[in-house]
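Me: I am new to this structure and would like a close look at a single part of it. Here is the entry I have open.

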Amino acid sequence: MGFKSRARKRRGSAESAGSSKDSESSEEYEGQVRCDISGCENWADKSVGGRKMAYDRAVDVWGSSGISRKVRKVSLCKPCYRKWKKEKKSEPREWE
Ligand SMILES: [Zn+2]
């Protein structure tokens with residue numbers, strides 16, 4: 001029983017991608033996943049706080065015309081995700 005120090009925090013999604021550090025990372029970040037909100041050009045990579053979300057949930061906030069492509073899971077950049085959260089908060093629900 002010596003696993004104390006290894007305590008996993010909720011979800012084992014701590015992928016510490018080993019070799020993805022460039023020496024010059026202060027330049028413009030170049031990700032691989034674009035935010036799917038139309039008009040938004042941010043990256044939605046996990047490493048910069050991006051999220052994936054079911055299409056329907058995103059539609060609740062942006063409407064189907066506000067999402068640039070129809071996919072089951074849209075990618076959201078951090079600011080968009082925040083916005084979504086905010087919108088959702090104003091709903092009198094507590095399903096968190
Ligand atoms: Zn965005």
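Which residues in helix 1 meet which residues in helix 2? Please stay with that part and what surrounds it.

Reply: A word on the setting comes before the contact itself. This is a predicted model. The protein has 2 helices and 2 strands, and along the sequence they follow the pattern β-α-β-α.

Helix 1 covers residues 55-62 and helix 2 covers residues 78-89. From helix 1, the residues in the contact are Arg57, Ala58, Asp60, Val61 and Trp62. They meet Cys80, Lys83, Trp84, Glu87 and Lys88 of helix 2. By type, the residues of this contact divide into 5 nonpolar and 5 charged, with no polar ones.

Next comes the geometry. Two packed helices are described by the angle between their axes and by the distance between those axes. Here the angle is about 75° and the axes are 10 Å apart. Angles of 65 to 115 degrees count as roughly perpendicular, so helix 1 and helix 2 are described as roughly perpendicular to each other.

One residue of the contact, Trp84, also takes part in an aromatic pair. A search of the whole structure finds 1 such pair. Its members are Tyr81 and Trp84, and their rings are stacked, with 5.9 Å from centre to centre and 20° between the planes. Both residues belong to helix 2, where they are 3 residues apart, about one turn of the helix. Tyr81 and Trp84 are both buried. For the protein as a whole, 23% of the 96 residues count as buried.

Arg51 lies over the face of the Tyr81 ring, at 4.3 Å from the ring centre. An arrangement of this kind also occurs elsewhere in the model: the charged end of Arg34 sits over the ring of Trp43, 4.0 Å from the centre of that ring.

Apart from neighbours within four places in sequence, Gly31 is in contact with Trp43 and Asp45. The C-alpha atoms of Gly31 and Lys46 are separated by 9.1 Å, and these two residues are 15 residues apart along the chain. Gly31 has a relative accessible area of 11%. Buried means under 20%, so Gly31 is buried.

A last figure concerns contacts across the protein. Among contacts with a separation of 6 or more, 50% are between residues 24 or more positions apart.

Methods: Residues numbered from 1 in each chain as written. Predicted model: local features only at pLDDT ≥ 70, side-chain atom pairs only at ≥ 80, totals over all residues. Heavy atoms only, no water. Axes fitted to C-alpha atoms, helices over the stretch in contact; angles between N-to-C directions. Helix = DSSP H or I, 4+ residues; strand = E, 2+ residues; numbered from the N terminus. Parallel < 35°, antiparallel > 145°, perpendicular 65-115°, else oblique. Contact = heavy atoms within 4.5 Å. Nonpolar A, V, L, I, M, F, W, Y, C, P; charged D, E, K, R; others polar. Phe/Tyr/Trp six-rings, centres within 6.5 Å; stacked < 30°, edge-to-face > 60°. Buried < 20%, exposed > 50% of the residue type's maximum accessible area, 1.4 Å probe, protein only. Lys NZ or Arg CZ within 6 Å of the ring centre and 35° of its normal.
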